[in-house]
Structures are given as C-alpha cells and as structure tokens.
Amino acid sequence: MNINLFDYFLPEELIAQKPSDKRDHSRLLVVNRENKTFEDKHFYDIVDYLHEGDVLVRNNSKVIPARLLGIKEKTGAHCELLLLKQLEGDTWECLTRPAKSLKVGARVDFGDGKLIAECLEEREEGLRVFKFIYDGIFLEVLDQLGKMPLPPYIAKQLCSNDRYQTVYAKFEGSAAAPTAGFHFTEELFEKLKAQGVEVVDVTLHIGLGTFRPVKVEDTKDHVMHSEVYEMSEESADKLNKAKADGKRIIAIGTTSVRTLEANYSKYGCFKPTRESTNIFIEPGYQYKTIDALITNFHLPKSTLIMLVSAFMGREFTLEIYKHAVEDKYRFFSFGDAMFIYGRNKD
C-alpha cells in the first residue's frame with residue numbers, strides 16, 4: 001500500500017510536550033469498531049469498559065537512559081549514540097550521529113574515561129556495533145551519564161525520568177517507552193483486578209523497529225528492524241487458557257500487540273520463549289490474538305498507525321483521527337488514548 005494512504009493533517013500544537021498532571025486523567029476516545037461509533041471519555045473511565053474475565057496484556061519493559069553524548073577521541077568531535085539492542089555482553093547495536101565519522105576502530109568518550117565506546121562494525125542507515133569499556137556495573141554507569149531517549153518531537157527533557165516509564169516497568173532494555181501504558185496507575189490496576197480483570201505481563205524491548213520512520217513509498221518494501229521479546233511460561237499458560245475459554249484478550253499498546261501476534265503466528269499457540277521479531281502489521285493482516293486494544297494516537301505514515309488501521313480499518317481509523325484533531329485530543333507519546341473494541345466487520 002502507498003504510505004500516503006496513512007497520512008493525516010495534524011496541527012503542531014496538538015503534539016503533547018509533557019504528560020498529563022495525573023496519569024489516568026488524560027482523555028480517552030472509546031471506539032466501537034463493529035458499530036463504527038465512538039465516545040469521548042477520560043482514561044479513568046476505562047473501568048466501565050473492562051469486565052470480569054478480561055485479560056489485560058502489558059509490556060513491562062523499562063526504558064534505559066540510552067542516549068549518550070560524547071567526544072570522539074583524537075578529533076574531539078561531538079557525537080551521539082542511541083543504544084538500541086544488547087547483542088552480547090558489553091556489545092550493543094547503536095544508532096549514531098554523525099554516522100559518517102564513526103568508522104571501525106573509532107573510540108568515543110562519554111565522561112572523562114568513565115565510559116568509552118569502540119566501534120566494531122559498520123551497518124546500514126547509521127547503525128553501528130560498539131563495545132563499551134567501563135569500570136563497575138554498566139547500567140549504573142549509564143544512569144550517571146546517559147539521558148532518557150525522548151522522541152525528537154519532544155522539545156524539553158522531563159523534570160522526572162519516572163514520567164517516561166510506566167508504573168509497571170520492570171526489565172531494563174528499551175530505547176523508547178511503551179507509551180500506551182503511561183495512563184495506568186497502580187490504583188487503577190487494583191480497581192480492575194477487583195473487578196475480575198486479569199493482568200498478564202510480556203516483555204518487548206523497544207528499539208528501532210517500533211519508531212523507525214517508513215522511508216519507502218510502498219509498504220511492501222518496508223523492512224522492520226528486529227526487537228527482542230520474551231514470553232514467560234506463566235504468561236503463555238494464562239493466555240492459552242484465556243483463548244481456550246473465549247475470554248477477551250486486550251493489549252495495552254502496539255508493542256504488546258506485536259509480541260502476542262509474533263508469538264502466536266509462529267507457534268499456533270502462546271509459547272514460552274525469548275527471541276527476536278520483526279513482525280510488520282498493516283491492513284490485510286488477520287489478527288489472531290487480540291479482541292481489543294488500548295493505544296495512543298500515532299504519527300502520520302508510521303508503522304503504528306498501519307497496525308491500528310489493520311485492527312479497525314484504514315478509512316475508519318482516519319475518520320477517528322479526524323475527530324481527534326477537531327476535538328483537540330493530545331497526540332503521540334505524552335498524548336491521549338483510544339480504547340478500541342468490538343468485532344471487526346471489515
């Protein structure tokens with residue numbers, strides 16, 4: 001499909017620059033994809049749409065301060081690394097800037113010798129493989145020297161890094177947050193559990209595959225960058241039982257969707273595993289696992305709006321986005337949310 005089919009007009013002032021004061025006080029657009037209707041609510045109203053027996057799936061990956069600003073040894077040139085994926089030990093795949101000056105053998109200092117990165121391999125599209133040299137524990141060094149990798153449309157750093165994490169973030173490894181989860185609080189989860197909603201955790205460490213822009217005209221030519229996900233035995237058992245019992249499986253965010261669909265598509269059931277996926281979901285894809293989706297509003301022509309379009313139809317998705325723009329919903333990572341449910345007639 002031509003990527004222009006997933007374009008829409010968005011005034012710049014609707015791009016949320018900071019999170020809402022209270023997580024669950026963001027707005028919520030409740031969408032029935034079967035009846036093609038929608039309602040304007042607040043996120044705390046989600047309790048009215050989730051019921052006993054529902055299974056809520058969340059991505060518990062934790063964002064690391066993956067943005068490193070350093071000085072190239074010998075030349076003193078400034079450069080930037082974004083840690084995307086741990087390959088083995090202290091070796092990471094990174095997105096670099098400026099990439100042209102970072103050749104094999106180049107070394108970058110990020111803090112008076114406290115952290116050094118040596119380039120081991122050059123890859124396409126600004127990607128490089130680096131080995132990190134340091135004393136102590138890597139994540140502790142990173143906490144001291146790294147910055148939170150906020151999206152480029154966010155103008156200022158946050159006062160607190162906690163607001164670029166979900167309240168259930170647990171396993172470190174992401175270069176971006178699973179932002180649909182920002183709206184949940186511990187109190188909201190407790191209320192849902194009291195209603196009989198079951199919460200299941202999966203892990204997908206978000207890297208380039210999720211936020212990489214589509215640079216081709218035809219979506220069939222787009223190749224997703226792989227990301228590591230993990231499905232525990234406990235989570236697989238709960239999800240298999242939910243599917244066998246006909247319970248609704250509701251994904252929090254597109255990364256949870258990709259984890260569920262990648263796992264089930266490969267094995268024909270939910271199977272415990274830790275592996276990589278580059279699954280790309282666009283209209284024409286037949287969903288196998290989820291019955292409802294909680295998600296934010298995504299960038300025009302992105303793989304994320306394509307995933308949502310595959311779930312509720314491209315034309316209806318654009319209609320919903322048009323309403324959201326007209327009603328001044330807040331967009332992207334710190335923006336408002338949608339809850340999409342109902343059978344799909346498309």
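The structure, a predicted model, holds 17 salt bridges, a salt bridge being a side-chain nitrogen of Lys or Arg within 4 Å of a carboxyl oxygen of Asp or Glu. Residues are numbered from 1 along each chain as its sequence is written, and side-chain values rest on heavy atoms, with hydrogens and water left out.

Glutamate 118 and arginine 107 meet through their side chains in a salt bridge with an N to O distance of 3.8 Å. Because glutamate 118 belongs to strand S9 (residues 115-122) and arginine 107 to strand S8 (residues 107-109), the pair ties together parts that are eleven residues apart in sequence; strands here are DSSP runs of E of at least two residues, and helices runs of H or I of at least four, numbered from the N terminus. Glutamate 118, at 26% relative accessibility, is partly exposed, as is arginine 107 at 30%, where buried denotes under 20% relative accessible area, exposed over 50% and partly exposed the range in between (1.4 Å probe, protein chains only).

Within helix H4 (residues 233-244), lysine 238 and glutamate 234 are four residues apart, a separation of about one helical turn, and their closest N and O atoms lie 3.2 Å apart in a salt bridge. Lysine 238 is partly exposed at 28% relative accessibility, while glutamate 234 is exposed at 52%. In helix H7 (residues 314-326), lysine 322 and glutamate 326 are likewise four residues apart and form a salt bridge at 2.6 Å, N to O.

Technical notes: Predicted model: local features only at pLDDT ≥ 70, side-chain atom pairs only at ≥ 80, totals over all residues.
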